[in-house]
Amino acid sequence: MLRFILSIRLLIVSLALAGVIFTILNGYSSTYQLQQNLLVNISKEANRVYAQKLARMTQSFITNRQEQLRIGAEFLSALAEQEGEDSKALQSRLKFILDMSNGFNSISLINVSGAITAVVPAELDLKGTHLSHSQHDIFNDGKAHLIGPVVGPTGKLLIFISHPVRNSSNDRIADLVGTIYLQDNIFLNRLLSQHDYDDGSYVYVVSSQKELIYHPLKERIGEKITTNTVINNVIDGKKGAMEVVNSKGVSMVAGYAHVAEPDWGVVAQTPRAAILNDFDHQLWLVLKDAIPLQIVILIFVVVCAYLIARPLRMLAESTNNRDQAVKVKAWFYEAYLLKRSIRKEIDSLNEKVTRFDEDRKKDPLTGLMNRRAMDELVTTLVRKKHPFSVIFFDIDHFKSVNDEFGHDTGDEVLKALADMVSNKVEPSGVLFRSGGEEFVVIVPDNKPHSAIRLAEDIRQLVMSEKIPQIGKAITVSLGVSNWIHSMDQSQTFKRADLAMYESKKSGRNRVTSRLY
């Protein structure tokens, strides 16, 4: 009876071929998933940063409007007390406040009885209108308010910002109220709608009651959304990014941030389909370019597998040959040589990986350790509960150096500063370049006042040393903070950063500390 027996040559060739094909397919699958996740994560981060930026701008917009009303209330108080509610001068001053505010759709003055005594623009024809009891009761506590979104007397969806007007005896005699129409406010629309996305991305803002305050589709403003996870998170005061299915059933990649003062949430989001829209096409183009080389590789692997199997076949056939010159140990010797060669290559690769790991922790311009190395050092110190201090500093008016001498000279100034300060910092601390003209010193010490003295030494050293490339000395502003094991290290860095900006605001070339 005939038996089908596979030859070792066929087995080796088949296994090699199957291994290569599986590796190629697995590589494409892994690459596909990796690139998809990478694109989505990049979009998450971009939308998160954009939402935070808009949240800060929105906060600033509201704060500025409140401050304008406060100034306007002081501006009106004497006139409102002396000339009464029907004064043309009062109406004129309201118009002046509206023109200067650059953000309100209307400004009105409401007396303590809840009646509108003056309003601009006058075309609204609301003078003499009385607020409802529920609306009027809000103003009776004599404080500034932000109210809304509500439907105003004109039927428009809006928010109120108010500030009490007081007489010389500090009694409330009226309330100055500015209104922002959520569907028609030019400044608010410009703030939230002008961005460069053309892929279906958009921004919307929700109130603490989960009502849409701003949306590119004006007809959706005022709509209440209760099933969106992103909205639930941002109204809870959180910030971040995530994938979510919106209220219309579309899968979105969203970044969100909270606006504290009016208790709003800002969300920037991009359709997931738009992110991956061109990805499949690009991957196919890559495949087309790679397939010829992969065919060559497959042929090469088959040939190599055949050549590797051929001696084994010859060895098997030689079992019927009594020629003692054929010895199996020769194969072990070759395997030993191959193993030794591979070992050398692995050692070389490990050396290269180690060198690459060191290089990726260095700033290529100054040779200092970069932010990645700093994070690793801080993580180690925190894990060991070793107290440390942080010094933030950057160059004062560095932009003027670049403008006057050029960016190449600016780079030389950064290198000169790095050399100068690193000599001063070592060995008590480690100097890092965190980016641009900003530097960080980590001082592993439980004496934060030593860090303050070191910061002062750095400041004096920098301002006293002339930099040859620009023929003069520069100055730096510094902020100092410290960490102990009972606190979050991110707060330490935030306080050091704030202290540095306090130095900037206080005139530069100084040291400010925020210590625990």
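I looked up Lys504 and Asp396, and both are buried (under 20% relative accessible area; exposed is over 50%, partly exposed in between, with a 1.4 Å probe and protein chains only). This is a predicted model, where local features need pLDDT of at least 70, side-chain atom pairs count only at pLDDT 80 or more, and totals for chains, interfaces and linings use all residues. Residues are numbered from 1 along each chain as its sequence is written, and side-chain values use heavy atoms, with hydrogens and water left out.

**Entry: Lys504 and Asp396**

I checked how these two residues pair. Lys504 forms a salt bridge with Asp396; the term means a side-chain nitrogen of Lys or Arg within 4 Å of a carboxyl oxygen of Asp or Glu. Their closest N and O atoms are 2.8 Å apart. I then placed both residues on the chain. Lys504 sits in helix α13 (residues 489-505). Asp396 is in the loop between β11 (388-395) and α10 (398-405). The pair links distant parts of the chain, 108 residues apart. Helices (H or I, at least four residues) and strands (E, at least two) are DSSP runs, numbered from the N terminus.

**Entry: Lys361 and Glu376**

I searched the whole structure and noted 16 salt bridges. One of interest to me joins Lys361 to Glu376, with the closest N and O atoms 2.6 Å apart. This pair also links distant parts of the chain, 15 residues apart. Lys361 is in the loop between α8 (329-360) and α9 (371-383), and Glu376 is in helix α9. Is Lys361 buried or exposed? Lys361 counts as buried because its relative accessibility is 17%. Glu376 has 32%, so Glu376 counts as partly exposed.

**Entry: Lys472 and Glu404**

I looked up the salt bridge between Lys472 and Glu404 next; its closest N and O atoms are 4.0 Å apart. Lys472 lies in the loop between α12 (448-464) and β14 (476-483) and Glu404 in helix α10, so the pair ties together parts 68 residues apart in sequence. Lys472 is at 39% relative accessibility and therefore counts as partly exposed. Glu404 has a relative accessible area of 54%, so Glu404 is exposed. I also noted a network: Glu67, Arg70 and Glu74 are joined into one by salt bridges that share partners.

**Entry: Asp137**

I located Asp137 in helix α3 (residues 133-139). Asp137 is partly exposed because its relative accessible area is 47%. I took one distance from here. The C-alpha atoms of Asp137 and Ser113 are separated by 10.0 Å, and the two residues are 24 residues apart along the chain.
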